[in-house]
Amino acid sequence: MKRVERVYCEILENIIQDKKHTFTQKQLSKDCQVSIGIVNYALKPLEQMGIIEKKQRSFLVINPKKLLLYWSSIRNLKNEIIYSIYSNKSIRAIEHMMPPCVFTAYSAYKFRFNDAPADYGEIYAYCNPNEIKKRFQPNKKTLSPNIFILRPDPYIEKRSKKSIAPTSLIYADLWNLNTWYANEFIKELEKKLEL
């Protein structure tokens, strides 16, 4: 995850969980473990688009939904994939066999809300690829991968609960997937977010 994305995730998670809309650059810098320069760089396009309103020592998020959509549109999930492999096991079996990781996209939605709006055929998780290589052997047939390992990030691990990515990150990652069922998950997640 890029450092500016940490800023967007932190803002959105505070809004989703705590209904907090006012922030300071200094606190965001501390919470995201990035410089104040990175925070200011991340905020510049938000101010230009009318997503935030700057105050003397803080800023107010006035359009969180627009922030979520902006972040989703600039996120590049493919660049985060560091390893992929095919397993002939069921998706449910694969989920149970996964080493310690942070699930995102379909699995994360299912685990967070105890529901899945559609069947899905892939797993996305932030994880050490060496652990995956130990558990899932490469298939000799050239089949499309169904396990996608994303670059681990200490910020994502800190922000995750029970091996489930933050809700705003689940949304941004789903937004970047081109399956028909990703759209079903996005529709349902939008109803739950109420931004």
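1. A residue counts as exposed when its relative accessible area is over 50%, and as buried when that area is under 20%. The model is predicted.

2. Start with asparagine 114. Its relative accessibility is 71%, so asparagine 114 counts as exposed. The residue is found in the loop between H7 and strand S6 (123-126). Its phi deserves a look. Most residues other than glycine have a negative phi. Asparagine 114 is not a glycine, yet its phi is positive, at about 50°.

3. Glutamine 33 also has a positive phi, near 55°, and is a residue other than glycine. Its place is the loop between H2 and helix H3 (36-48). Is glutamine 33 buried or exposed? Its relative accessible area is 53%, which is over the 50% cut-off, so glutamine 33 is exposed.

4. Next, a helix pair. Two packed helices are described by the angle between their axes and the distance between the axes. For helix H7 (residues 105-113) and helix H11 (residues 180-193), the angle is about 35° and the axes are 11 Å apart. The crossing of H7 with H11 is left-handed.

5. Which residues meet where H7 packs on H11? H7 brings Tyr106, Tyr109 and Phe113. H11 brings Tyr181, Ala182, Phe185, Glu188, Leu189 and Lys192. By class, this contact holds seven nonpolar residues, two charged and no polar.

6. Tyrosine 171 sits in helix H10 (residues 167-175). Its relative accessibility is 0%, so tyrosine 171 counts as buried. What does tyrosine 171 touch, neighbours within four places in sequence aside? The contacts are Leu68, Leu69, Ser72, Ile186, Leu189, Glu190 and Leu193. Leu189 of H11 also takes part in the contact with H7.

7. Alanine 182 is another residue of H11 that meets H7. Tyrosine 171 and alanine 182 are 11 residues apart in sequence. Their C-alpha atoms are 9.6 Å apart in space.

8. How many cavities of 30 Å³ or more does a search of the whole structure find? The search finds one. The volume of the largest cavity is about 30 Å³.

9. The lining of the largest cavity is made of Asn14, Lys20, Phe23, Thr24, Gln27, Leu28 and Asp31. Helix H2 (residues 25-32) gives the largest share, three residues.

Technical notes. Residues numbered from 1 in each chain as written. Predicted model: local features only at pLDDT ≥ 70, side-chain atom pairs only at ≥ 80, totals over all residues. Heavy atoms only, no water. 1 Å grid on protein atoms, 1.4 Å probe; cavity = no way out; pocket = protein on both sides within 12 Å on 5 of 7 lines; lining within 4 Å. Points joined across faces, edges and corners; volume = space filled by probe spheres on them. Helix = DSSP H or I, 4+ residues; strand = E, 2+ residues; numbered from the N terminus. Axes fitted to C-alpha atoms, helices over the stretch in contact; angles between N-to-C directions. Left-handed = near helix turned anticlockwise from the far one by under 90°. Contact = heavy atoms within 4.5 Å. Nonpolar A, V, L, I, M, F, W, Y, C, P; charged D, E, K, R; others polar. Buried < 20%, exposed > 50% of the residue type's maximum accessible area, 1.4 Å probe, protein only.
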